[in-house]
Amino acid sequence: MPGAAIELVVAGAEATTRRDPDALVAVCASDIEFEPSMAGLEVDVYRGHAGIRKWMDDLHAVWDEFSGVADDFEEIGADSVLVRLTVHGRARGSEVELEQRFWHLWKVRDGKLWRGRSFTDKQEATRAASG
């Protein structure tokens with residue numbers, strides 16, 4: 001059975017795929033920080049619930065179709081999770097389909113997602129997780 005941190009990450013990924021900002025914010029700390037590695041987004045680091053809502057707006061402004069499947073997890077201590085996320089999408093105004101893997105490192109505080117960082121390289125994500 002997955003740990004609580006993994007369940008939070010899965011809930012966040014599912015909310016993002018459903019385009020449900022309320023459900024995503026519900027699993028995030030009020031002072032969350034998320035640093036995505038996806039090109040085309042307007043902000044380097046999204047902060048707070050308003051930032052997470054902005055991230056979703058920015059994400060869906062770039063993508064007509066977008067889904068992410070969290071499909072591999074590694075719990076790191078009691079408060080961190082390294083997750084492989086396979087993203088499928090189609091950019092707005094394009095017929096080209098995309099599939100890409102990202103690795104997200106999430107830290108949990110008080111039962112909420114608190115710090116998140118996205119990587120396109122697994123080795124870089126692993127180094128960040130151990131440092």
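Is Arg18 buried, partly exposed or exposed? Arg18 is partly exposed, at 49% relative accessible area; buried stands for under 20%, exposed for over 50% and partly exposed for the range in between, with a 1.4 Å probe and protein chains only. The model is predicted, so local features need pLDDT of at least 70 and side-chain atom pairs count only at pLDDT 80 or more, while totals for chains, interfaces and linings use all residues. Residues are numbered from 1 along each chain as its sequence is written, and side-chain values use heavy atoms, with hydrogens and water left out.

**View 1. The loop between helix 1 and helix 2.** Helices (H or I, at least four residues) and strands (E, at least two) are DSSP runs, numbered from the N terminus. Arg18 is found in the loop that lies between helix 1 and helix 2. Its C-alpha atom is separated by 8.0 Å from that of Ser67, 49 residues apart along the chain. Arg19 lies in this loop as well and is partly exposed, with a relative accessible area of 36%. Arg19 is not a glycine, yet its phi is positive, about 60°. Most residues other than glycine have a negative phi.

**View 2. Helix 1.** Helix 1 covers residues 4-17, and its end C-alpha atoms are 20 Å apart, in agreement with the 20 Å that its 14 residues should span at 1.5 Å a residue. The expected span is 1.5 Å times one less than the number of residues. Ala5, Ile6, Leu8, Val9, Gly12, Ala13, Ala15 and Thr16 are the buried residues of this helix. They pack against helix 2 (21-26), helix 3 (48-62), strand 3 (63-76), strand 4 (80-91), strand 5 (97-109) and strand 6 (112-119), where contact means heavy atoms within 4.5 Å. An α-helix has 3.6 residues a turn, so residues three or four places apart point the same way.

**View 3. Thr16.** Thr16 has its place in helix 1 and is buried, with 7% relative accessible area. Its side chain reaches the backbone oxygen of Gly12 at 2.9 Å. Such a polar contact is a pair of N or O atoms within 3.5 Å; within protein, one must be able to donate a hydrogen and the other to accept it, and residues adjacent in sequence count only if both atoms are side-chain atoms. With neighbours within four places in sequence left aside, Thr16 is in contact with Leu24, Trp55, Met56, Leu59, His60 and Phe66.

**View 4. The nonpolar cores.** A nonpolar core is a set of buried Ala, Val, Leu, Ile, Met, Phe, Trp, Tyr and Cys residues joined through side-chain atoms within 4.5 Å. The largest core has 29 residues, of which Leu24, Cys28, Met38, Ile52, Trp55, Trp106 and Leu113 touch the most other members. At least two residues of this core come from each of helix 1, helix 2, strand 1 (28-35), helix 3, strand 3, strand 4 and strand 5. Helix 1 gives the largest share, six residues. Apart from neighbours within four places in sequence, Ile52 is in contact with Leu24, Val25, Cys28, Ile32 and Phe34. Leu82, Trp103, Leu105 and Ala125 are among the six residues of a second, separate core.

View 5. The open sheet has six strands in the order 2-1-6-5-4-3, with mixed pairing; two strands pair if DSSP finds at least two bridges between them. Strand 2 (46-47) and strand 3 stand at the edges with a single partner strand each, so one side of each is left without a neighbour in the sheet. Strand 3 and strand 4 run antiparallel and are joined by 12 bridges. Phe66 has Gly89 as its bridge partner in strand 4. Helix 1 packs on the sheet, where it touches strand 3, strand 4, strand 5 and strand 6, and its direction makes about 175° with that of strand 3. Helix 3 also packs on the sheet, touching strand 1, strand 2, strand 3 and strand 4, at about 45° to the direction of strand 1. Axes are lines fitted to C-alpha atoms, for helices over the stretch in contact, and angles run from 0 to 180 degrees between N-to-C directions.

**View 6. The partners of strand 1.** Four bridges pair strand 1 with strand 6 in the parallel sense, and Glu33 stands opposite Arg115 in strand 6. Strand 1 and strand 2 pair in the antiparallel sense over two bridges, with Phe34 opposite Tyr46 in strand 2.
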